[in-house]
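Good morning. I will go through one structure today, starting with confidence and ending with the contact between chains. Please have the picture open.

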Amino acid sequence: MISFGKSEKVQQMQYVTQTVAENMMRPVSRHMDEQEGEIPWDYINFMHQAQASMGETRFLATEGDGEDEQKGPRESYQLMAHSIEMLSWGDAAIYLCTPRGGLGAAAVQAAGTREQKKKFLPMVMGKAPAFSAMAITEAGAGSDNSAIQCRAVLDEANHEWVLNGEKIFVTAGHKALVDTAGFVVIWATIDPSLGRAGIRSFVVEAGNPGIKVAKKEKKLGIRASDTVSLVLSDCRVPYANMLGDPKALEDKGREGFKGAMQTFNVTRPLVAASALGVARAALEEVKRLLVEGGLAPRSGLPRQKLTNVERELIDMERMLRSSWLLTLKAVWMSDNGMPNAQEAAMSKLHAGEVVTRITQKAVELLGPLGYSRVFLLEKWFRDAKINDIFEGTGQINRLIAARQLLGYSGKELR
Amino acid sequence: MYSFSPNPEQEKLIEVTRRYAQELRAAAHAADESGDLPRPLIEKGWDLGLLQTSVSEDYGGFGERSVVSSALALEELAWGDLSGALALLAPSLFALPMALAGSEEQKQAYLPGILGGAWQPFTAAFLEPVYDFDPLAMSAKAIKKGDGYMLQGAKTCVPFAADAPAMLVYAELDAQTQAFIVKAGQAGVTIGERQKTLGLNALPMYELQLDQVELDAGARLGGPDGHAFVPLLAAMRTGWAALGVGLARAAFEYSRDYAKEREVFGSKVAQKQSIAFMLAEIATEIEAIRLLNWEAAWQLDQGLAEDAANSAYLANSGMADMAMMVTDRAVQILGGHGYIREHPVELWMRNGRGMANLSSLAMI
């Protein structure tokens, strides 16, 4: 039955996260942006404690250890989308510093076996805050991950994988490996001749002497969130740290890669949710400042009767709402175990474009005020752009959506 | 909780309506060229009972209004053919506002006859021949005169005006838009020649002149105190947006299938990123507007009038941009073939432009 009713759980989640966003994020937003590299520990510690005490309804972490005991309709990804949207409305960069969740945990949740979930998820849910990250991109391999050079070689005598290579653009990599005792999920190939089918993902825990943070990037936006390069040299991990069912992975078929890719069907709509939190912040702020400046925007009139500014605002509102519904549908599909590669890609490409357009327009509409660092609009303009880039650029997501729509393989539509 | 799947009943409705829409599609080209929709085809669509399902048994219907369900059905109809859909739905322009806002007397006088009989071209006069037509500030005026009312003004794009047994005429009364029941042959109403327009050639539409049209007290929809107009407007916009989504989906599917067939430089056109990306964007935007409109429809069903008015407005204006973009690209994807009238995409592009201009030709 088609329904747009918010459950009570969702409403509670929005209420709680809004309090966090208003009190712990917005007040330090400017400072954290300007002091690039400073870690927002107050937020991190608070969120760690808060999530630990919330039990089942955590902000970001996935539900339980993967054993499906929950009764009734599932909505954990919907809850995550709502909290991510609200926290990103507070500050998208600080949101990326939220402990317990993160892409690494999402990868374990999506591709890991029950045993792996039991082993790795508690690592980011202990007494002290800890982070998980995912490392895919390399200098020569971004969206085309069949070009991944990082190698995983099985040391049969010790029943260990030996990883060698370099990774770049790892979100929260420093926090996962250096600042806290977390883990990074590394994508590597077990056989370069297999291309994409040879890709597997491996959990590398903090403290492993074989992995080092080589560089912290300086970025256009999301500056409170660290983005690092990693070097793996003879990095040894137990055999069981390869995510997924070993039997299915051993045949060197495509299944291994598919498992890894399923992570994206879950995370892409969540990135879209984050994007739309920024977009909502910008739209609300531009409206507030316009009203303060003496312009009370009208709505509900034929376009021919509206001013240009009013038309822009209505377009922004429409883009934001429709994009949010695409996102909600994609996470709802995740919750219900429906295949959603197409919807996930569509939500991400749409939200990535919507947030860049809304934040760019918001800065433009306010003239010199929009450009000023007195307000956060210029920051959101910079923060927004990453959403059209990470977790697959807008173009890559178009490619994925198009393949799904056309029924084409990667070979048929390159 | 959120949910995005139609229930089994709605699935069935979609399936049955789609089957009929295929017949509309098959007749669309000839109807557009000749300006004539076969009446038996419309009458067959009447048997689907879409209007009847939206009206309670007390007035000759057999259901309960669900705007969400109707939006699903309208998408299918317009996927078949927009002119055909509007022809079939014309009686709703009269009967639905009456079911929603009419007085007991008005409902008893009209609804059982309309719902129980064969399809008849009841209709409504809503749009006006001005560039800045505003449903909330109409140029057509109604004033109180004695016990009754007098209408003055002009209307345009009124489907079936020449053959309608009765129609609703919308006009401004005391700064509020109100509907009035006007019967065929009413003094002061002049019906012009059949209009020629960019698209919708198969749908007969007329301009009306209202010159000192004197109506008795019972003509005002809802009785002496009239009716709320905003919920009716929201329903019109939601219905219109649902049609736009169906039209766009037709153009998307057709151009997608063409692109998968057509060879160029040793591969299919669809294998070129320039085309594939266009198709991905089209599909995404159609879905975005569809969901926006579903939300408006759901809000109407929940009685959230204020939210629904805003959502329906957003859905409707977003749909207008989307339908133009999609139908234009469909022609583009077919290239030269898209410009030839043997393919339906040029018709859809002409109809696509009208989605911004003729909003409110539907009622849901």
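Chain A has a mean pLDDT of 91, and 92% of its residues reach 70 or more. This is a predicted model, so please keep that in mind for the rest of the talk. One stretch of chain A stands apart on this score: over residues 61–70 the pLDDT is below 50. Beyond near neighbours in sequence, that stretch still has 19 contacts in the model.

Next, the layout of chain A. The domain assignment divides chain A into domain 1 (8–124), domain 2 (132–252) and domain 3 (258–406). Where domain 1 of chain A touches domain 2 of chain A, the contact takes 24 residues from domain 1 and 23 residues from domain 2. On the domain 1 side, the elements that give two or more residues are α1 (8–34), α3 (76–95), α4 (102–111) and α5 (114–120) of chain A. Which of them has the largest share? That is α4(A), with seven residues. By class, this side of domain 1 of chain A consists of 16 nonpolar, six polar and two charged residues.

Now some strands in chain A. Strand β3 (residues 151–155) pairs with strand β4 (residues 160–171) in the antiparallel sense, over five bridges. β3(A) and β4(A) form a hairpin, with four residues between them. In the turn, His159(A) has a positive phi of about 55 degrees. Across this pair, Leu154(A) stands opposite Trp161(A) in β4(A). β4(A) also pairs with strand β8 (residues 227–238) of chain A, again antiparallel, and here there are nine bridges. Trp161(A) turns up in this pairing too: its bridge partner in β8(A) is Val237(A).

On to chain B. The assignment here gives domain 1 (8–116), domain 2 (123–219) and domain 3 (230–357). The C-alpha centres of domain 1 and domain 2 of chain B lie 22 Å apart. In the contact of these two domains, 16 residues of domain 1 of chain B meet 14 residues of domain 2 of chain B. On the domain 1 side, α1 (8–34), α5 (82–101) and α6 (104–116) of chain B each supply at least two residues. α5(B) gives the most, with nine residues. The classes on that side are nine nonpolar, four polar and three charged.

Two of those helices also pack on each other. How are they placed? Two packed helices are described by the angle between their axes and the distance between the axes. For α1(B) and α5(B), the angle is about 100 degrees and the axes are 8 Å apart. The two helices are therefore roughly perpendicular to each other. Leu24(B), Ala27(B), Ala28(B), Ala31(B) and Asp32(B) in α1(B) meet Ser83(B), Gly84(B) and Ala85(B) in α5(B). This contact has five nonpolar, two polar and one charged residues.

Last, the two chains together. How many residues of chain B are in contact with chain A? The count is 35 residues of chain B, against 37 residues of chain A. On the chain B side, β1 (2–3), α7 (230–261), α8 (273–301) and α9 (305–334) each supply at least two residues. The largest share, 15 residues, comes from α8(B). This side of chain B divides into 21 nonpolar, seven polar and seven charged residues. There is also strand pairing between the chains: β1 (residues 3–4) of chain A and β1(B) pair in the antiparallel sense over two bridges. In that pairing, Phe4(A) stands opposite Tyr2(B).

Technical notes. Residues are numbered from 1 along each chain as its sequence is written. Chains are lettered from A and ligands numbered from 1 in the order in which they are written. This is a predicted model: local features need pLDDT of at least 70, side-chain atom pairs count only at pLDDT 80 or more; totals for chains, interfaces and linings use all residues. Two residues are in contact if their C-beta atoms, placed from the backbone, lie within 7 Å. Ala, Val, Leu, Ile, Met, Phe, Trp, Tyr, Cys and Pro count as nonpolar, Asp, Glu, Lys and Arg as charged, and the others, Gly among them, as polar. Two strands pair if DSSP finds at least two bridges between them. Domain bounds come from an automatic or database domain assignment. Axes are lines fitted to C-alpha atoms, for helices over the stretch in contact, and angles run from 0 to 180 degrees between N-to-C directions. Angles under 35 degrees count as roughly parallel, over 145 as roughly antiparallel, 65 to 115 as roughly perpendicular and the rest as oblique. pLDDT is the predictor's confidence in each residue, from 0 to 100.
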